[in-house]
Amino acid sequence: MKTVIAAGGFGTRISALNPQTPKVMTEINGKSVLLRQIEALREQGFRDFIITVGHLSEKIIEYFGGGGRFGVNISYYEEKEALGSAGALFRLKDKLTENFIQDFVFINGDIVFDVDFKKFYDFHESKNAVATIFAHPNSHPFDSVLIAADESGRVTDMLYKRPENGIYYKNLVNAGLHILSPLIFDKIAKTGSASLDCDILKPLLKTRGVYSYKSAEYAKDMGTPERLAEVKNDLKSGLPEARSLRSKRKAVFLDRDGTVNAFNGLICNPQDLTLIGGAAEAVRKINKSGYLALIITNQPGISMGKYTFGELAQTNSYLETLLGNAGAYIDGLYFCPHYPVGGYEDELPQYKIDCECRKPKAGMLFKAAEELNIDLSQSYMVGDSEKDIKAGKAAGCKPVFIKNGAEEPPEGDFPIYENILDFVNMEII
């Protein structure tokens, strides 16, 4: 499979640090971003690279040459004029479709990543997708391209600014890694400069063939001085490896109501949800620690008929919005809609079951562990009720009780903290 790396940009936001160095040649802990990308992909079997170059292109070409000393084959497309993030793709059509039609990888040249591309491609292939976007939550969702997707992962919209009018979206953004089918050339005709998001991916949504592959693996752009510093620290701390799907990961499972947000009975709409003081800071610290931050929540209001799945999704998206505003994010959210007790006027009988997912049972934790390759024995279950403690124990996690001034802790041998920030400060960092 060919890989196209877009390395022709000026890097305006970061160029002040070293104006005579192409952005992709910026060194991070002794190795350039572009070399890190090539090595990461080579280790997973990628050998054929096309690099689109422009500003200070001679420095890139002189260093990498034909790629032989790096164990790969490299050719170049030199932009004589700025062609945006994807304008060069349409000049490369013949190269990308020669011999036989084959999907290809397209990545931004300023991304540092540790991603299992086999799983990424398997998802793409299973959907018979025209384009698949590697999507993840991040700490700055409102200056990124937000993605709206259905349960199958099919992208239904792409948003380029902070949503308004009381509609909330999950913190799910385009990370700058893509798998594309050459069919894009048949569906989109483009000359001149082109934005991959605006001019290619968004118009392709009408084909219903664009998918988002959601992953908590490490992928971060270094395109501003602040993010460059973050990436340097992340690499030093081993964060990319800690979040890699190719190894067992650790997680902090968090109850929602009463742990992250204030307990307010059954929360039926976003306006009823408020973060507990220090919760966003705690989640932000978890994000930087190497642990995944996951919400595990019972939502019996579904079975009671108090709110719909759509209303719950809006409330959860509002939670992600509040966290995103504070530079924090959750890597996943699992909820149980079941409640075996009947007698509610608008209840839904199909959800009146004694399930395996409702806490104090551990079904949601087991599901997360299977999907995200989590070592439960090295993970925490943090909550404000006896159900959370029992679920954590049943899953083999380390249970932690959070008081938050509410329910008294049950009997047992487990740590007790006033709030999740105290827990994080003592146990995680």
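Modeller: Asn128 sits in the loop between helix H4 (117-126) and strand E8 (131-136). Helices (H or I, at least four residues) and strands (E, at least two) are DSSP runs, numbered from the N terminus. This is a predicted model, where local features need pLDDT of at least 70, side-chain atom pairs count only at pLDDT 80 or more, and totals for chains, interfaces and linings use all residues. Residues are numbered from 1 along each chain as its sequence is written, and side-chain values use heavy atoms, with hydrogens and water left out.

Asn128 is not a glycine, yet its phi is positive, about 50°. Most residues other than glycine have a negative phi, and most peptide bonds are trans. Asn128 has 70% relative accessibility and therefore counts as exposed. Exposed means over 50% relative accessible area, buried under 20%, and partly exposed in between (1.4 Å probe, protein chains only).

Pro360 lies in the loop between strand E16 (332-336) and helix H12 (363-372). The peptide bond from Lys359 to Pro360 is cis, with omega near 25°.

Ala194 belongs to the loop between helix H5 (184-187) and helix H6 (196-204). Its relative accessibility is 2%, so Ala194 counts as buried. Gly84 is 110 residues away from Ala194 in sequence, but their C-alpha atoms are 5.2 Å apart. Beyond four places in sequence, Ala194 touches Leu83, Gly84, Ser85, Ala86, Gly87 and Asp199. Contact means heavy atoms within 4.5 Å.

Now the helix packing. H9 (residues 279-287) and H14 (residues 420-428) pack at about 30°, with axes 8 Å apart. Axes are lines fitted to C-alpha atoms, for helices over the stretch in contact, and angles run from 0 to 180 degrees between N-to-C directions. H9 and H14 are therefore roughly parallel (angles under 35 degrees). Ala279, Glu281, Ala282, Lys285 and Ile286 in H9 meet Ile420, Leu421, Val424 and Asn425 in H14.

Buried residues of H14 are Ile420, Leu421, Phe423, Val424 and Ile428. Down the axis of H14 they fall within an arc of 155°, so they line one face of the helix. The arc is that of the directions from the helix axis to the C-beta atoms. These buried residues pack against H9 and strands E14 (251-254), E17 (380-383), E18 (398-402) and E19 (416-417).

Terms used: Angles under 35 degrees count as roughly parallel, over 145 as roughly antiparallel, 65 to 115 as roughly perpendicular and the rest as oblique.
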